[in-house]
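Here are my notes on this model, as numbered points. Please read them with the structure open.

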Amino acid sequence: MTATAFIQEGMAALHLGVFVRAFELLLGWSLLLQTLEQWRIQSLDRVSDWSVQRKEVPTQPPGLLAVTDALFSRPGPYLGFLALRGALALLLMAGLLPAAGAVALFGIATLLLLRWRGAFNGGSDFMTLVGLTGLLIAHAWGAWAGMEAGWRAGLWYVALQSITSYFVSGWVKFLRPEWRSGEALPMFLDTGVYGPLPPNSVFRRPAVARLASWSFTLWEGCAPLVLLDLRIAALFCAVAAVFHFLVFWFFGLNRFFWAWVATFPALMYAAWA
């Protein structure tokens, strides 16, 4: 069998259920890791005291502050709250999450945004919420029009949000002269978890920094091209995985890798559909 025939046979074997299961597994895994991280940070955090942060909780709707106080003012209820999310993440990975579980996961994510003043870890929290919104859309629309239609709507929502995030990031860089010249890259990497780059780092070489900057800028800016062909989407996702792994490696942002990888099945589905 030729390589072309093998690829065509593999593409023919794809169906909606494959993308749905991949999405459930990756989103559930991402949520489980986030839950374990927040469980661990409970014993390490000496900054984000709830008695201070509760002052920023909106007073509307009525009862919101009472709910957040009950959940976050003492360790017991908060850890139980996280345990519930971990259990729901496992159900999602097993493909057994009911519609009520999708609503619960979305509600938990919203309450955690209040706990951490909008985001615990920046863009990864946004992308996690995108995935959970897609999951909620799938179950909500599925209850009305059937789960196949629901999952199509949910995956398309996640795909379009993911494409938009890459596209905007790329073209914002393109509009900034410091990114076009490559000067921004070493300054950006100097803020990494391991401290400033060594003086002899390859990324301090202007030609290398310029090439890397342009490569990632154009790759992000061309994100809408994934909709043209499944093979383009597969290549884009492979590069994205490397990119997000590098973000994790340099900045210790482990959430970023799995939060964005969880959207890849939706990107692949959109290209396939």
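**Notes on the model**

1. Trp249 sits in helix α12 (residues 230-251). Helices here are DSSP runs of H or I with at least four residues, strands are E runs of at least two, and both are numbered from the N terminus. With a relative accessible area of 45%, Trp249 is partly exposed. The classes are buried under 20%, exposed over 50% and partly exposed in between, with a 1.4 Å probe and protein chains only.

2. A word on the source. This is a predicted model, in which local features need pLDDT of at least 70, side-chain atom pairs count only at pLDDT 80 or more, and totals for chains, interfaces and linings use all residues. Residues are numbered from 1 along each chain as its sequence is written, and side-chain values use heavy atoms, leaving out hydrogens and water.

3. The overall make-up is quickly told. The protein chain has 14 helices and zero strands. Of its 273 residues, 40% are buried. Take contacts (heavy atoms within 4.5 Å) between residues at least 6 apart in sequence: 72% of them join residues at least 24 apart. The accessible surface is about 14,100 Å², and carbon and sulfur atoms hold 72% of that. These areas come from the Shrake-Rupley method with a 1.4 Å probe; for residues, only the protein chains shown count as cover.

4. Back to Trp249. Together with Val242, Phe245, Leu246 and Phe248, Trp249 forms a nonpolar surface patch of about 450 Å² accessible area. Patch members have over 30% relative accessible area and no salt bridge; nonpolar side chains (Val, Leu, Ile, Met, Phe, Trp, Tyr) are joined within 5 Å, like charges within 9 Å. A salt bridge is a side-chain nitrogen of Lys or Arg within 4 Å of a carboxyl oxygen of Asp or Glu. Ring pairs also link Trp249 into a cluster with Trp29, Phe245, Phe248, Phe257 and Trp258.

5. How many aromatic pairs does the whole structure hold? The search finds 23. Rings of Phe, Tyr and Trp (its six-membered ring) pair if their centres lie within 6.5 Å; planes under 30 degrees apart are stacked, over 60 edge-to-face, the rest tilted. Phe19 and Trp272 make a tilted pair, with centres 5.3 Å apart and planes at 45°. Phe19 belongs to helix α2 (residues 16-41) and Trp272 to helix α14 (residues 264-272), so this pair ties together parts 253 residues apart in sequence. Phe19 is buried at 5% relative accessible area; Trp272 is partly exposed at 29%.

6. Phe167 and Trp171 are also a pair. Their centres are 6.3 Å apart and their planes stand at 50°, so the pair is tilted. Both lie in helix α8 (residues 147-175), four residues apart, about one turn of the helix. Phe167 is partly exposed at 35% relative accessibility, and so is Trp171 at 31%.

7. Beyond four places in sequence, Leu132 touches Leu27, Leu31, Leu105, Phe106 and Ala109. Its C-alpha atom is 9.8 Å from that of Gly28, 104 residues away along the chain.
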